[in-house]
Amino acid sequence: MSTPNPTFPPLTTGLSWVLSTLGVGNVALPAGEAETGVTLGLRLDGDTTHSAGNYQWLIPLSAGIVTESAAALEAALAKLPSPPAPGANLWAAINQTDALSGSPSTSAWTSEISFSLPIPIVQPLPPTAFGSA
Amino acid sequence: VLDGLGKLLVQLRPETHLHAEMAAIITPAAPTGFGVIGPGAILDHFEEGLRSYGANPRLWDCYKGEAGTSQLATIAVDSVRPKVGTKSLHYTNPGDGRSYFHFYCNNGSIWSFTHQQLVQGAWSLNAWNRMAFWVWHDPGMTPIGNNGHLVELGTYTRANNGDATTQNAGGTHWYHELNPRDGVWTKVILDPHPQHYVGGPTTDPGVVGITGGVPLAATNDGVSNYFDALTRWYYDFPYVPKAGSIFVDQVTLYLETGQDDIAHIASLEASWNPTTHLLHIGFCRNAHQDTTADTTYTAVYSTVAPINALGFAGGTIFGSVGPDGLGDYCNKAIEGVVDLTGVQTVYLAVQKKGSTAFRQMSLPINAAGI
């Protein structure tokens, strides 16, 4: 179980999280307040124009979603301007938006985690000059 | 106009209605457990010694709180018998009672989840579906015959918002039954198919899921899987006291992505004895479906590739076990003499007769790790 790059492990499967069911300070939410979605924020490692809480890429996800597969994340990023390249080292956080009677409220960002985007493997050509001697 | 406005205000009452419409939204707390779904993590490799947790000096400890348990047992991390690296957990029972030690994740006031005590790696929700570790029972700590089990591995699951002063608020207390051989390192793979739960009937509770409430699910929170919700767990010889030492090494949590028939073949363990060349694989069969007379389980091995890659027919049969005719909670063992000298890793699988699915595992012989 070696970890070639412990700071930016490759995102082989995806991301997951637990939706909050409490308010800031661990107070109970009023009846009717419900989660309406989360937003993934991502920035490149070494990008001095962005920082924790200030992300280059924002990916909104629908209510109830608690995982984002690596493939889905790559597909979502590909639709955004100047997407990160395969193998890029990223920092990410997530926040949650609730709504009550049409009024939204968004949580703070989580602590950031880091990972690298996978590099697509290319199928090799068959060996050549195969024969008996 | 003012009179009309006054009438309108009166119509807006009663106040209860007004409150219901204007309850203020509260800013939610940020989500928790945000992380990369990884290949696995190490709960403990014991290379850092016996770790503490808050006011608790021993994250792994003897349990002496029940009648019949050894009161003279000791526990340490030392270099007497490591399997991976240079150290392992070393529990010794001098024989004054039954062996019983536990993963004691209590800091003096609260119980942590198991995943909060990782020595390497990071947890994320629903990332793992197995827990594996090496265990050694000293010679003489023999398994129980007649389809019995020497070991009960007890676990507690707690809901993610459950009372942390308890081990299992919103969850329950489960039992896994194991019957490893003595005098050899055994690899144990715990899956989310316990053999019993407290308060439940004397039948197989089945594979524990995420939703549906206990006993169908690990907890009542609807989001935690069995290993997300795991808090304290213990290793107990409840029926037959056995003097001697038990060693544990390389406790890992990981995601099994291959097909794995845990519904019929649960609580898997395997060993290979380098002296006798006995290849052993043990498991607990499904109580509901495997008591019929035509039930037979067959085991195969390969030194080339995982059975998942080869298919069950691609392995070499080393034994089978027929029906036992007994009721619930039956442990089975399949054994054969196979010379694996020099082999790095042997791949094993068990299949129930008439099934296309099977249960598979790797067993490092000379390779490091688990």
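This is a predicted model: local features need pLDDT of at least 70, side-chain atom pairs count only at pLDDT 80 or more; totals for chains, interfaces and linings use all residues.
Local features require pLDDT of at least 70, side-chain atom pairs count only at pLDDT 80 or more, and totals for chains, interfaces and linings use all residues. Side-chain values use heavy atoms, with hydrogens and water left out.

Chain A contains 1 helix and 9 strands (DSSP runs: H or I of at least four residues, E of at least two, numbered from the N terminus). Along the sequence the pattern reads β-β-β-β-β-β-α-β-β-β. The radius of gyration of chain A is 20 Å, whereas a compact globule of 133 residues would have one near 14 Å (taken over C-alpha atoms; the rule is 2.2 Å times the number of residues to the power 0.38). Its C-alpha atoms fill a box of roughly 80 × 35 × 30 Å along the principal axes. Of its 133 residues, 38% are buried (under 20% relative accessible area, 1.4 Å probe, protein chains only).

The largest nonpolar core has 47 residues (buried Ala, Val, Leu, Ile, Met, Phe, Trp, Tyr and Cys joined through side-chain atoms within 4.5 Å). Strand β13 of chain B, residues 244-254, gives the most to this core, with 4 residues. A second, separate core of 30 residues includes Trp134(B) and Trp272(B).

In chain B, 6 strands form an open antiparallel sheet, ordered β3-β6-β12-β8-β9-β11 (pairing requires at least two DSSP bridges). β3 (60-62) and β11 (196-197) of chain B each have a single partner strand, so one side of each lacks a neighbour in the sheet. Strands β6 and β12 of chain B pair over 4 bridges. Phe101(B) has Tyr235(B) as its bridge partner in β12(B).

Technical notes: Residues are numbered from 1 along each chain as its sequence is written. Chains are lettered from A and ligands numbered from 1 in the order in which they are written. Buried means under 20% relative accessible area, exposed over 50%, partly exposed in between (1.4 Å probe, protein chains only).
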